[in-house]
There are 2 protein chains.
Amino acid sequence: MEHGIANLLGALSLAVVDRIEQGAREVVGRGGETPAALIVIGYGQGMTNDKLRRILGLSHSGTVRLVDRLVSDRLVERRAGKDGREVALHLTASGAASRNELLASRISAVTSLLDVLSAAERKQLARLIRELLARQDTSEMDRFTICRMCDDRVCTNCPLPTSKGQHGH
Amino acid sequence: MEHGIANLLGALSLAVVDRIEQGAREVVGRGGETPAALIVIGYGQGMTNDKLRRILGLSHSGTVRLVDRLVSDRLVERRAGKDGREVALHLTASGAASRNELLASRISAVTSLLDVLSAAERKQLARLIRELLARQDTSEMDRFTICRMCDDRVCTNCPLPTSKGQHGH
DNA sequence: GGTAAATATGTGCGTAGCGCACATATCTGG
DNA sequence: CCAGATATGTGCGCTACGCACATATTTACC
């Protein structure tokens, strides 16, 4: 394998993530996995603390404290889950608004890097990235992790394979 | 502009950076900008604390403390710079070894994502990324920042434009 | 139906990584 | 020779996080 391509993709990815993180910090005033948490909670299938923990790849206590921050910022509410142990995380109105800003900021950051390419080049790039992602060997949790910042208003058909991966239960 | 491509590149970049950071933490036992600092210092044109600060995008004090950590880990030495104010940062033998491990780990992490593509597809992707980077409007400092994790043993001709950007002095 | 294990959450405590404001040393330009 | 610019170091606090432990609920097994 030629290593030049790996170095190029590494450099590009760093630039992309730098810009996304900078925008996210400006929007929510927090760093680390906090912006991703806001997005994940907003996907809205009754997210629990523990599911969130696995998606973000944090420790249990780290996740509890992260949610504490979101609650103290009035972006998230803890409600009772069906299972008496679980906590159901819900966005407040303000949390949903911040989440939308966050998603828009992310798309805008990446777009500003992409718009030097022609429409044809972007299409070609999209096809290649789609193939690359589609062929990865990812568990279900891996997919949620990779997609933890994804814009569900934009990503209609996620290329990540849906077959593998043991369901978490 | 079609936003699907921006979302795809954002997701891929997150996956790439996640894997790079995880490997880096395993190699040097440190997170944040510490691994990048080790790589940047290793480029070896008499790196100073202040240049490092600008490349990493950290505050001044944050950079001093970062170097403190590298020194206490015996990876970096502070020597006298030509200008009596400056500190010249140099890798120790152990620092140079860690840096090589770091670079290898990074290339390996990205390669493991890339190797689902055919050689032809990888070539196409390399061409597109190269174009994308070449057309960015980056200052000299931006380029060092984007390339702060780059493998100088692999990246022979960096696509980033070298014309613009005021030299820092 | 009762108890052990599994599951889910919260807490005390410490650490890593970082920024702000301030202090200090050296260099440069008039 | 002295004011500003440049470069580094420090006191202090804060955010984000992990480990170990405590607690509540549910499930499984007998």
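In this predicted model, helix H2(A) passes helix H5(A) in a left-handed crossing. H2 covers residues 34-43 of chain A and H5 covers residues 93-114 of chain A, and the two pack at an angle of about 115° with their axes 10 Å apart. That angle makes H2(A) roughly perpendicular to H5(A).

**Where H2 meets H5 in chain A**

- On the H2(A) side, the residues that meet H5(A) are A:Pro35, A:Leu38, A:Ile39, A:Gly42 and A:Tyr43.
- Their partners in H5(A) are A:Gly95, A:Ser98, A:Arg99, A:Leu102 and A:Leu103.
- Sorted by class, this contact of H2(A) with H5(A) has six nonpolar, three polar and one charged residues.

- Helix H3 (residues 49-56) and helix H4 (residues 60-72) of chain A pack at an angle of about 110°, and their axes are 9 Å apart.
- H3(A) and H4(A) are therefore roughly perpendicular to each other.
- This time the crossing, H3(A) past H4(A), is right-handed.
- A:Asn49, A:Leu52, A:Arg53 and A:Leu56 come from H3(A), and they meet A:His60, A:Thr63, A:Val64, A:Leu66 and A:Val67 of H4(A).
- The residues of the contact of H3(A) with H4(A) divide into five nonpolar, three polar and one charged.

**A closer look at A:Val67**

- A:Val67 lies in helix H4 of chain A, and it is among the residues of H4(A) that meet H3(A).
- With a relative accessible area of 0%, A:Val67 is buried, because buried means under 20%.
- Leaving aside neighbours within four places in sequence, A:Val67 is in contact with A:Asn49, A:Leu52, A:Arg78 and A:Leu89.
- Two of these partners, A:Asn49 and A:Leu52, belong to the H3(A) side of the helix contact.
- The C-alpha atoms of A:Val67 and A:Leu38 are separated by 9.2 Å, although the two residues are 29 residues apart along the chain.
- A:Leu38 is itself one of the H2(A) residues that meet H5(A).

**How the two chains are related**

- Chain B is superposed on chain A by a rotation of 180° with 0.0 Å of shift along its axis, giving an RMSD of 0.0 Å.
- That is the relation of a two-fold axis.
- In chain B, the C-alpha nearest the axis belongs to B:Ser13, which is 2.1 Å from it.
- Both copies use the same surface: 100% of the contact residues of chain B recur in chain A.

- B:Gln136 is found in the loop between helix H6 (119-134) and helix H7 (140-146) of chain B.
- Its relative accessibility is 10%, so B:Gln136 counts as buried.
- Beyond its neighbours within four places in sequence, B:Gln136 is in contact with A:Ser112, A:Leu113 and A:Val116 in chain A, and with B:Pro161 in chain B.

- A:Arg74 sits in the loop between H4 and strand E1 (76-80) of chain A.
- Phi of A:Arg74 is near 65°, a positive value in a residue other than glycine.
- At 65% relative accessibility, A:Arg74 counts as exposed, because the cut-off for exposed is over 50%.
- B:Arg74 lies in the loop between helix H4 (60-72) and strand E1 (76-80) of chain B.
- B:Arg74 has a positive phi of about 60° although it is not a glycine, and at 66% relative accessibility B:Arg74 counts as exposed.

Technical notes. Residues numbered from 1 in each chain as written. Chains lettered and ligands numbered in written order. Predicted model: local features only at pLDDT ≥ 70, side-chain atom pairs only at ≥ 80, totals over all residues. Heavy atoms only, no water. Axes fitted to C-alpha atoms, helices over the stretch in contact; angles between N-to-C directions. Helix = DSSP H or I, 4+ residues; strand = E, 2+ residues; numbered from the N terminus. Parallel < 35°, antiparallel > 145°, perpendicular 65-115°, else oblique. Left-handed = near helix turned anticlockwise from the far one by under 90°. Contact = heavy atoms within 4.5 Å. Nonpolar A, V, L, I, M, F, W, Y, C, P; charged D, E, K, R; others polar. Least-squares fit on C-alpha atoms with pLDDT ≥ 70 in both. Buried < 20%, exposed > 50% of the residue type's maximum accessible area, 1.4 Å probe, protein only.
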